[in-house]
Amino acid sequence: MRLTVQQTRTIKQLAMQLAGEHAKVRVFGSRLDDQARGGDLDLMLELPEPVANPAFLAAQLSARVSRLMHGRKVDVLLAAPNLMRLPIHDLAFREGVEL
């Protein structure tokens, strides 16, 4: 995975600050390929409780992690009981690595 130990630790901390201590974060997509270069960062934020404002939460996490990653594009996918599950969620659960 092309993230440093410090980056993974900080991403987890940011997720818990924004979404609570039970939030989990998975990295999926091209960042898992150690041979690749560049690319955006794909994260899935898993929440055990319904989320009231999913777009705002995803945007907040994306912006904060993007700053941490020196402006790199960060896509945030949310998984929560009140949100529709799409094929991209299945991919993230299947191939993603929990931080």
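**Exercise 1.** Which residues make the nonpolar surface patch of about 290 Å²?

*Solution.* Keep in mind that this is a predicted model. Met 84, Leu 86 and Ile 88 make the patch.

**Exercise 2.** Work out whether Ser 66 is buried or exposed, and what Ser 66 touches.

*Solution.* Start in helix H2 (residues 54–68), where Ser 66 is found. The relative accessible area of Ser 66 is 16%, and buried means under 20%, so Ser 66 is buried. Now for the neighbours: leaving aside residues up to four places away in sequence, Ser 66 touches Gly 71, Arg 72 and Val 74.

**Exercise 3.** Find the salt-bridge partner of Arg 26, and say which parts the pair ties together.

*Solution.* The partner is Glu 46, with N and O 2.6 Å apart. Arg 26 sits in strand S1 (residues 24–28) and Glu 46 in strand S2 (residues 41–46), so the pair links parts that are 20 residues apart in sequence. Next, check burial: Arg 26 is buried at 15% relative accessibility, and Glu 46 is buried at 13%.

**Exercise 4.** Trace the salt-bridge network that includes Lys 73.

*Solution.* First, Lys 73 pairs with Asp 40, the closest N and O atoms being 3.8 Å apart. Asp 40 lies in the loop between S1 and S2 and Lys 73 in the loop between H2 and S3, so this bridge ties together parts 33 residues apart in sequence. Second, Lys 73 meets Asp 75 at 2.7 Å, N to O.

Technical notes:
Residues are numbered from 1 along each chain as its sequence is written. This is a predicted model: local features need pLDDT of at least 70, side-chain atom pairs count only at pLDDT 80 or more; totals for chains, interfaces and linings use all residues. Side-chain values use heavy atoms; hydrogens and water are left out. Patches are made of residues with over 30% relative accessible area and no salt bridge: like charges are joined within 9 Å, nonpolar side chains (Val, Leu, Ile, Met, Phe, Trp, Tyr) within 5 Å. Accessible areas come from the Shrake-Rupley method with a 1.4 Å probe; for residues, only the protein chains shown count as cover. A salt bridge is a side-chain nitrogen of Lys or Arg within 4 Å of a carboxyl oxygen of Asp or Glu. Helices (H or I, at least four residues) and strands (E, at least two) are DSSP runs, numbered from the N terminus. Buried means under 20% relative accessible area, exposed over 50%, partly exposed in between (1.4 Å probe, protein chains only). Contact means heavy atoms within 4.5 Å.
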